[in-house]
Amino acid sequence: MAADAKRIELAAGSKLVARYLLLALVAAIVLFPVYAAVMVAQKSLTELGSLDVLVPDRIDLGSVPTALGEARMGRYLVNSAVVSVAIVIGQVVTSVLAGYALAFLDFTGRRALLAAVAASLIIPFEVTVVVNFETVQQLGGVDTYWALVLPFVAFPLGIFLMRQAFLGIPRDLLDAAVVDGYGHLGILRSVALPLVRSTVAALSLFSFLLAWNQYLWPLLVTNRDDRRTVQIGLKQLTGAVGPDLGVIMTATLLATIPILVLLVVFERQLIRGLTAGSVKG
Amino acid sequence: MAVKRSRRRETRLATALVAPAVLILGVFVLYPLLRTAWLGFFVQDPFGRNSRWVGLDQYRDVAGSDSFLNSLGVTVRFVVLTVPTALVLGLLLATLANQQLRGIRLFRIIFASTIATSVAVASMLWLVLLEPSTGIVNQVLEAAGRDPVNLLNDPDTALATVALTTVWQSLGLVFVVTIAAMQSIPEVLYESARVDGHGRVSRFLRITVPLLGPQLMFLTVVLTIGAFQSFGQIDILTEGGPQDSTNVMVYSIVQQLPLDRGAASVEAVLLFLVVGALSFVQFRWLDRRVHYGS
């Protein structure tokens, strides 16, 4: 009996070890490209020809100044930050205003507007680039910040999200505000907006991620280095620093750090947003 | 709402509130779609001059052309290579991480980590790994005594390799969405299935997968639409080559844009028909859930 118990314990123990080994192996595979990038980023050009490049033998941030300066990542990061923040502010403002009107106001054209927003929701940006590029060219917008921002200042999904959030506010609260003599703008500012803060936070996070990661549009409307965003700046690196993969990897990691920080800080909003997205939209 | 005011006054306020959104959506979404469809009726010389009305001829010519059929085929293959693979692998990661173990949080963070990468970042990471002369893939092959490979430069392997990088980048999203739902499945269900003699695989297929239905549906639509819109990974990794073997629809549209606006417009409209139909299905499904669901 005692031997049996011991055998079971041993079996359970080795099962546990096996579980951890499997987890560790899978984690190593998933993480490998990032690990390799971190290693390559710290090595010099002459060390790249061998597998020793994967050995974590030092912490060397020497290529960071080169990436930020010579490779212009500093400028690209600033451009991306400016453009993304502007897009977030624009999307939140237009979504809150339109979402409130669609939730609570009775007006001519309300149904038509809902249909138009729904239609916009299913039109991919890639489909409209031909004409949007033409529009921006005609307005002289190539290599301007506004051309990078303006097309994204309204976000159909954001309008729907805000409308849903406003509709979820208990009616009693709104009625009480009306009794207290608030008009619509007063209700929006003092009652409704504070109650939908978490939706605004989730919308801001998603809108920032989408804006920061944009590739196609910034590629089309910028030619000058001083207007390029970080994502398209990455591709230019091979030309700017030649074959120095270390600098290229440093730059690539630098482009990810702002997103990493945001995700760690707003982990809960992200998870809630994504799970809500899959259940409710 | 209890506010009863004249409809006229509400219309004036509503107009002011919706004006910014309407203006932007009108100028940058709805108008471009209509104008793109319109431009498809005209052929242009390569200098963008001498537009000539040709009716539906250009639509027919482009839709039947070898280059369009190639990019449609490449795109569909790309969807087939990426979407099921990302779903299955992400679901396996979630299953693996859905156990009560000390330190499991660390593994969950690692499995979710690729959500922090953009398409461009993921592509750059893999570009450097796959770099033919100093890339790590070839270093490993050399150490193992094998011949070096140039996966992105071979028409037989380029698309699958781009797909691999895309699957890797999507893993985090699939993982995050499915693990959250998996954790909310009551343990009792698994217990009673075990009592009924169902093995691990059977429990996974009969309990986990069906209960994750909404999440898997959401992910399928999101990943499929995303795959149809792929551009960044192609631009960074292969530029559509070799021999057009990775020339997906959006890449082809962007290539045509400065050369032949009419043809680019037709391709954009055809892309819209495909993606629009998919989005419509998603929207209907989502709408129903909002109305009749929780």
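The predictor assigns the complex an ipTM of 0.88 and a pTM of 0.88. For chain B, the mean pLDDT is 88, and 92% of the residues of chain B reach 70 or more. Where pLDDT is low, the predicted coordinates should not be read in detail.

The contact between the two chains draws on 76 residues from chain A and 80 residues from chain B. On the side of chain A that touches chain B, helix 1 (residues 2-41) of chain A gives the most, with twelve residues. Sorted by class, that side of chain A comprises 54 nonpolar, 16 polar and six charged residues.

A helix pair that spans the two chains can now be considered. Two packed helices are described by the angle between their axes and the distance between the axes. Helix 13 (residues 245-265) of chain A packs with helix 5 (residues 119-130) of chain B at an angle of about 155°, and their axes are 10 Å apart. Angles over 145 degrees count as roughly antiparallel, and helix 13 of chain A and helix 5 of chain B are therefore roughly antiparallel to each other. The crossing of helix 13 of chain A with helix 5 of chain B is left-handed. From helix 13 of chain A, the contact involves Leu245(A), Ile248(A), Met249(A), Thr252(A), Ala255(A) and Thr256(A), while helix 5 of chain B supplies Val121(B), Met124(B), Leu125(B) and Val128(B). By class, the residues of this contact are eight nonpolar, two polar and no charged.

A second pair lies within chain A. Helix 7 (residues 156-167) of chain A and helix 10 (residues 197-213) of chain A have axes 10 Å apart and pack at an angle of about 170°. That angle makes helix 7 of chain A roughly antiparallel to helix 10 of chain A. Helix 7 of chain A contributes Gly158(A), Leu161(A), Met162(A) and Ala165(A), which meet Thr199(A), Leu203(A) and Ser207(A) of helix 10 of chain A. The residues of this contact divide into four nonpolar, three polar and no charged.

Attention now turns to backbone geometry. Most residues other than glycine have a negative phi, and most peptide bonds are trans. Against that background, the loop between helix 11 (232-237) and helix 12 (249-256) of chain B contains Pro242(B), and the peptide bond from Gly241(B) to Pro242(B) is cis, with omega near -10°. Asp244(B) is also found in the loop between helix 11 and helix 12 of chain B. The phi of Asp244(B) is near 60°, a positive value in a residue other than glycine. Asp244(B) counts as partly exposed because it has 16 C-beta neighbours inside 10 Å.

Asp143(A), in the loop between helix 5 (125-138) and helix 6 of chain A, has a phi near 65°, a positive value in a residue other than glycine. With 15 other C-beta atoms within 10 Å, Asp143(A) is partly exposed.

Helix 6 (residues 145-149) of chain A holds Ala147(A). Is Ala147(A) buried or exposed? A residue is buried if 20 or more other C-beta atoms lie within 10 Å of its own; Ala147(A) has 24 such neighbours and therefore counts as buried. Apart from neighbours within four places in sequence, Ala147(A) is in contact with Val136(A), Gly141(A), Val142(A) and Val221(A). Ala147(A) and Ala177(A), 30 residues apart in sequence, are 41 Å apart in space, C-alpha to C-alpha.

Two residues of chain B fall in the exposed class. Asp66(B), in helix 3 (residues 66-97) of chain B, is exposed, with 8 other C-beta atoms within 10 Å. Asp66(B) and Leu159(B) are 93 residues apart in sequence, and their C-alpha atoms are 18 Å apart in space. Val209(B) belongs to helix 9 (residues 200-211) of chain B and is exposed, with 12 other C-beta atoms within 10 Å. Along the chain, Val209(B) and Thr178(B) are 31 residues apart, and a separation of 9.8 Å lies between their C-alpha atoms.

Key:
Residues are numbered from 1 along each chain as its sequence is written. Chains are lettered from A and ligands numbered from 1 in the order in which they are written. This is a predicted model: local features need pLDDT of at least 70, side-chain atom pairs count only at pLDDT 80 or more; totals for chains, interfaces and linings use all residues. Two residues are in contact if their C-beta atoms, placed from the backbone, lie within 7 Å. Helices (H or I, at least four residues) and strands (E, at least two) are DSSP runs, numbered from the N terminus. Ala, Val, Leu, Ile, Met, Phe, Trp, Tyr, Cys and Pro count as nonpolar, Asp, Glu, Lys and Arg as charged, and the others, Gly among them, as polar. pLDDT is the predictor's confidence in each residue, from 0 to 100. Axes are lines fitted to C-alpha atoms, for helices over the stretch in contact, and angles run from 0 to 180 degrees between N-to-C directions. Angles under 35 degrees count as roughly parallel, over 145 as roughly antiparallel, 65 to 115 as roughly perpendicular and the rest as oblique. A crossing is left-handed if the near helix is turned anticlockwise from the far one by less than a right angle, and right-handed if clockwise.
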